[in-house]
Amino acid sequence: MPDVRSICAIGLSGQLGLHGHLPWEGDQRPEFVADVARFFDITRGHVLIAGPKTIGAIPDFARGDRTLVVIRSHEDPEEVLSRFPDRVVYVGGGPPVWDVYARHIRHWDINRLPYDGPADRWFDPKWLVAG
Ligand SMILES: NC(=O)c1ccc[n+]([C@@H]2O[C@H](COP(=O)([O-])OP(=O)(O)OC[C@H]3O[C@@H](n4cnc5c(N)ncnc54)[C@H](OP(=O)(O)O)[C@@H]3O)[C@@H](O)[C@H]2O)c1
């Protein structure tokens with residue numbers, strides 16, 4: 001099996017998404033700009049598996065230097081992960097994906113950003129201890 005990891009950014013209460021985007025999208029404060037840069041640095045050269053909306057939001061400039069894979073709910077997680085035996089695989093969400101793949105993730109990288117506004121997608125701490 002690959003080295004299965006996850007990377008995400010959350011607001012102060014666990015906010016993950018709003019209307020299909022990051023809740024803080026467009027915020028130019030240094031923490032937010034650095035978070036996006038860090039996401040691309042950490043996933044560079046690796047596999048990023050995620051649901052269709054999350055993969056669809058990756059900008060064109062970032063598509064060349066990582067392997068992006070849209071995963072679907074009818075696919076078997078073990079089979080998906082077994083396609084990348086010698087790679088580092090980042091599980092990129094959204095929440096229904098983490099519900100299913102959390103038990104395979106051994107390293108979480110969570111950046112907590114100073115955002116305190118609304119969201120319609122939330123981080124669930126149970127993912128960290130999913131067995
Ligand atoms: N803050 C962050 O770090 C972060 C990270 C990721 C996403 N987000 C935010 O989250 C939102 C997007 O997430 P989303 O959940 O709405 O959409 P999504 O990224 O498309 O992920 C959910 C979809 O993944 C598919 N899927 C693939 N494998 C699955 C499985 N084994 N079990 C269940 N579903 C599976 C399902 O679609 P099918 O049933 O059609 O296959 C499901 O509806 C956006 O607002 C985005 O900005 C934030």
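This report describes the fold of a predicted protein model and the site of its ligand.

Residues are numbered from 1 along each chain as its sequence is written. Because the model is predicted, local features need pLDDT of at least 70 and side-chain atom pairs count only at pLDDT 80 or more, while totals for chains, interfaces and linings use all residues, and side-chain values use heavy atoms, with hydrogens and water left out.

**The fold**

The protein has four helices and seven strands. These are DSSP runs numbered from the N terminus: helices are H or I with at least four residues, strands are E with at least two. Along the sequence they follow the pattern β-β-α-β-α-β-α-β-α-β-β. The radius of gyration is 14 Å, close to the 14 Å from the globule rule for 131 residues, so the protein is as compact as a globular protein of that length. That radius is taken over C-alpha atoms, and the rule is 2.2 Å times the number of residues to the power 0.38. The C-alpha atoms fill a box of roughly 40 × 30 × 25 Å along the principal axes.

**The ligand site**

The ligand is surrounded by 24 residues. Each has a heavy atom within 4 Å of it. The closest are Ala9, Lys53, Thr54, Arg72 and Ser73. Helix 4 (95-101) is one of the elements that supply at least two residues of this shell. Helix 4 gives the most, with six residues. By class, the shell has 13 nonpolar, eight polar and three charged residues. Here Ala, Val, Leu, Ile, Met, Phe, Trp, Tyr, Cys and Pro count as nonpolar, Asp, Glu, Lys and Arg as charged, and the others, Gly among them, as polar.

| Residue | Protein atom | Ligand atom | Distance |
|---|---|---|---|
| Leu16 | backbone N or O | nitrogen | 3.0 Å |
| Lys53 | backbone N or O | oxygen | 2.8 Å |
| Arg121 | side-chain N or O | oxygen | 2.9 Å |

Taken alone, the ligand exposes 930 Å², and the protein buries 83% of that. Such accessible areas come from the Shrake-Rupley method with a 1.4 Å probe.

**Two backbone features**

Most residues other than glycine have a negative phi, and most peptide bonds are trans. His19 has a positive phi of about 50° although it is not a glycine. His19 is found in the loop between strand 2 and helix 1 (30-43). The peptide bond from Gly93 to Gly94 is cis, with omega near -5°. Gly94 lies in the loop between strand 5 (88-91) and helix 4.

Note on methods. Polar contact = N/O pair within 3.5 Å; in protein donor to acceptor, adjacent residues only side chain to side chain.
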